[in-house]
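This report describes a protein chain from its atoms. Please keep the sequence and the model in view while reading.

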Amino acid sequence: DVTGRLYKGSSWLPSMNAADLLPLHDPESDDRVLTDLNRTVNFMLPPMWTIDDHPTIIGWVNYDQPWRECGTCWNSQNQRDERPYFNGSHRIEVTLINATTNGYTQTVTPAEMNGILGFMRGTYPVGAIDYREASMTVSGLDLLDKPSSGCGDGWSDLLDEVEDLDIFTDEVSGGVHKHYYALVPNTVPHGYSGCGRTPGNAAAGLFNPSAITGTGQILGHEVGHNLGRRHTPGNPALAAPCGREGNPDGSYTHANGIIGEYGWDLRDPDAPVYLDPTTHYDIMTYCGPEWMSDWTFTHLRDQLRLSVEQQEVLAAAPMDREYLIARGSIQDGLVTMKRPFYRLMLPAGTSDGNGTGPYAIELQGGKGQTLFLRRFELVSDTLDMNPTGGSFSETIPWQEGTLRILIWEGQTLLLSTDVSPN
């Protein structure tokens, strides 16, 4: 049996297990090593060790019996120094919304909410995932609508309702990424099981009190869409919906949506589990069993880091500029805005660019002159890039003298709103 110690400064901890090593086999490529946790020396780092983003950590093998490795000395035969990087500063806050839907009601308990978040906590590249509670009541949603493209009108309308909540904000604040997720009773008649803005901060999915892990997997999938991840193409040889994912990411590196590298399930530190890369599928597929691939992990980490860096730049700017907030949807040329245009004071530089895309919001002066023009694209839902409709959420620098707000699709005027003097 081979034991280990891990040092950070004068603090140390023992290895998780006494390992039965196979010294003649490559630990990074041989399945006889990779598939058996007892064939490697492993450590569970305490949170305090990750506070320094680039610490020196020293690993020892057979610390109490160095002669087993190198006679009477301690040297490179039984120790190794590493300086790993930690990115634990990223945090996600999910507002879990008890959604009474079309007359169907539920009460999700705090214990269930923590259980739902368990899958994300075990897979996402963040230091912490916290939650808040909220509630809402929605009716008249056609959740049975199941088009070949998009989530359907019912789910899209529900996301509009989530974005219209007074608590909703699309900000990243202090390194915390905020998401808003409506838990829909699984007893309500439905077609699809969830939907999320891609990208965005609003999502929704079914809540099944008898399948907390499955509920959490839907949550993790939809928040992945919020963070810009498209579907991972699954295995079309398996039963639907696996392999039938809409708008798949053709650059995904592992065949048929498998995770491709061994996963570690450390949700129970006393019983860690290796996950076979050939039988587990990426969280962004419709296949199962699910875990997070190295591909999705890396892209989510990079997106989270980029968002925090952008917010740090904005935080240094003074809150001295007025912005116009425009949120709604466009379907076949019809603009729907459940909440009218409104204005907020935000840090200068929050969103000053001209944008790109076939749609535009124009701030127009009294003589018909253009004071500002923001171009944009519609945001898809989770299933497909729908060319006939989608949602928009734009933050536009307000211009003094604006008397009219126009929304265009190309050269076609879709909406004209006069600005109130108040």
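**Basis**

The model is predicted, so local features need pLDDT of at least 70 and side-chain atom pairs count only at pLDDT 80 or more, while totals for chains, interfaces and linings use all residues. Residues are numbered from 1 along each chain as its sequence is written, and side-chain values use heavy atoms, with hydrogens and water left out.

**The chain as a whole**

The protein chain has seven helices and 22 strands; helices (H or I, at least four residues) and strands (E, at least two) are DSSP runs numbered from the N terminus. Along the principal axes, its C-alpha atoms fill a box of roughly 90 × 50 × 40 Å. Of the 422 residues, 45% count as buried; buried means under 20% relative accessible area, exposed over 50%, and partly exposed in between, with a 1.4 Å probe and protein chains only. Contacts (heavy atoms within 4.5 Å) between residues at least 6 apart in sequence join residues at least 24 apart in 62% of cases.

**Disulfides**

A disulfide is a covalent bond between the sulfur atoms of two cysteines. Here the term is applied to a pair of cysteine sulfur atoms within 2.5 Å. A search of the whole structure finds two disulfides.

| Disulfide | Sulfur distance | Angle about the S-S bond |
|---|---|---|
| C151 and C195 | 2.3 Å | 100°, right-handed |
| C242 and C287 | 1.9 Å | 80°, right-handed |

C151 and C195 form a disulfide with their sulfur atoms 2.3 Å apart. This pair links distant parts of the chain, 44 residues apart: C151 is in the loop between β6 (128-138) and α5 (153-163), and C195 is in strand β9 (residues 194-196). C151 is buried because its relative accessible area is 0%. C195 likewise counts as buried, at 0% relative accessibility.

C242 and C287 form a disulfide with their sulfur atoms 1.9 Å apart. This pair also links distant parts of the chain, 45 residues apart, with C242 in the loop between α6 and β11 and C287 in the loop between β13 (281-282) and β14 (290-291). C242 and C287 are both buried. With the bonded cysteines numbered in sequence order, the pairing is 1-2, 3-4.

**E245**

E245 lies in the loop between α6 (212-226) and β11 (263-265).

The side chain of E245 reaches the backbone nitrogen of Y286 at 2.8 Å. A polar atom of the E245 side chain also lies 3.0 Å from the backbone nitrogen of G234. Leaving aside neighbours within four places in sequence, E245 is in contact with residues including H231, T232, P233, M284, T285 and C287.

**Helix α5**

Helix α5 is mostly covered, with eight of its eleven residues buried. Among them are W155, L158, L159 and V162. The buried residues of α5 pack against β5 (91-101), β6, β8 (176-185), β9, β10 (202-207) and β15 (321-331).

Terms used: Polar contact = N/O pair within 3.5 Å; in protein donor to acceptor, adjacent residues only side chain to side chain.
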